[in-house]
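Subject: Structure for your review

Dear colleague,

Please find below the structure that I was asked to pass on to you. I would be grateful if you kept it open while reading the notes that come after it.

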Amino acid sequence: MKNVCVITDSNSGITQKEAKELGVVVMPMPFYIDGEMFYEDIDFTQEQFYERLQSDCEIKTSMPLVGNVTDKWDKILREYDEIVYIPMSSGLSSSCETAYMLAQGYDGRVQVVNNQRISVTQRQSVLDAKELAVAGKSAEEIKDILENEKFESSIYIMLDTLYYLKKGGRITPAAAALGTLLKLKPVLQIQGEKLDAFAKARTVKQAKDIMIKTMHHDFDERFKDPEGKNMHLEIAYTYDREAAEQFKQEVLASFPNFKDEDVILNPLSLSVSCHIGPGALAIACSKKIQIV
């Protein structure tokens, strides 16, 4: 049986402390703020990020430095036979493609998983990979299993403001102004590679209702599992933990088969947060991996 190490990046929402508890490794994502580089959860906290974001600093995301990635792999491979590396979705960053090219020089000992996940769904992929490794699966087997299941997840995100989408050039100033005037709360979705528009709501309550109703529809129609017996359910948010806790209770009330401890509540990745701003709420799900 191969000794396999599972590595991911901080877009998974797994902190350095939690990584040690789970027995996985997390590569911190770099950020440039007014030209100065910081590493998520190393010398840059969630609180510091939102303080800078709301003070209109120039924030740019970046993929992990090539040297940092290969140095980490080299170090890990002194202790482990193989690595499973799970970066954020290739549709949201070029870091996955870069990692794939780097892995070509490791004679199959590093397997890069492109399973189109981010935030809490990426986190679940990491937990699945760890469980598969414990069950004796090789790095290549784990990669194949996760990629075969890559579209078995959903994320719906409500934005509290359009300002940061406009700032990042992802919508026109006119569209942002109209949305702000009408006090729209857009709902975005991630199903696979891209972050796409899904629905428009006039109030936070309406947006939350849309997300919960749509998640029920996914359970019923996409996953053929109305009771969620074979599903993971998660909540994510930006900045406002109290609002997220309230949303979680609303979700639990609508999905009575899930207990409080069953539903993970995590901050959204800062790579996503810098484009959508504070006050966002998200509901996500992923299908449970069958280990045989």
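Predicted model: local features only at pLDDT ≥ 70, side-chain atom pairs only at ≥ 80, totals over all residues.

The antiparallel sheet

Three strands make up an open sheet, in the order β4-β3-β5, and their pairing is antiparallel. The edge strands are β4, residues 36-39, and β5, residues 59-61, each of which pairs on one side only. On average, neighbouring strands of this sheet are turned by 30° against each other, direction ignored. Strand β3, residues 30-33, is joined to β5 by 3 bridges, and the two run antiparallel. To find this pairing in the viewer, you may look for I33, whose bridge partner in β5 is I59. Helix α2, residues 46-54, lies across β3, β4 and β5, and runs at about 125° to β5.

The parallel sheet

A further open sheet consists of 4 strands in the order β2-β1-β6-β7, with parallel pairing. Strands β2 (25-27) and β7 (110-112) stand at its edges with a single partner strand each, so one side of each has no neighbour in the sheet. Here neighbouring strands are turned by 25° against each other on average, again with direction ignored. Strand β1, residues 4-9, runs parallel to β2 and is joined to it by 3 bridges. Within this pairing, D9 has M27 of β2 as its bridge partner.

Two helices may be viewed together with this sheet. Helix α3, residues 66-76, lies across β1, β2, β6 (82-86) and β7, and runs at about 165° to β2. Helix α5, residues 119-134, packs on the sheet and touches β1 and β6; the direction of α5 makes about 175° with that of β1.

The contact between α3 and α4

Two packed helices are described by the angle between their axes and the distance between the axes. How do α3 and α4 pack in these terms? Helix α3 and helix α4, residues 95-103, pack at an angle of about 50°, and their axes are 11 Å apart. This angle makes α3 oblique to α4. The crossing of the two helices α3 and α4 is right-handed.

Which residues of α3 and α4 make the contact? On the α3 side they are V66, V69, T70 and W73, and on the α4 side T98, A99, L102 and A103. Of the residues in this contact, 6 are nonpolar, 2 are polar and none is charged.

Yours sincerely,
A colleague

Definitions and conventions:
Residues numbered from 1 in each chain as written. Heavy atoms only, no water. Pairing = 2+ DSSP bridges. Axes fitted to C-alpha atoms, helices over the stretch in contact; angles between N-to-C directions. Contact = heavy atoms within 4.5 Å. Parallel < 35°, antiparallel > 145°, perpendicular 65-115°, else oblique. Left-handed = near helix turned anticlockwise from the far one by under 90°. Nonpolar A, V, L, I, M, F, W, Y, C, P; charged D, E, K, R; others polar.
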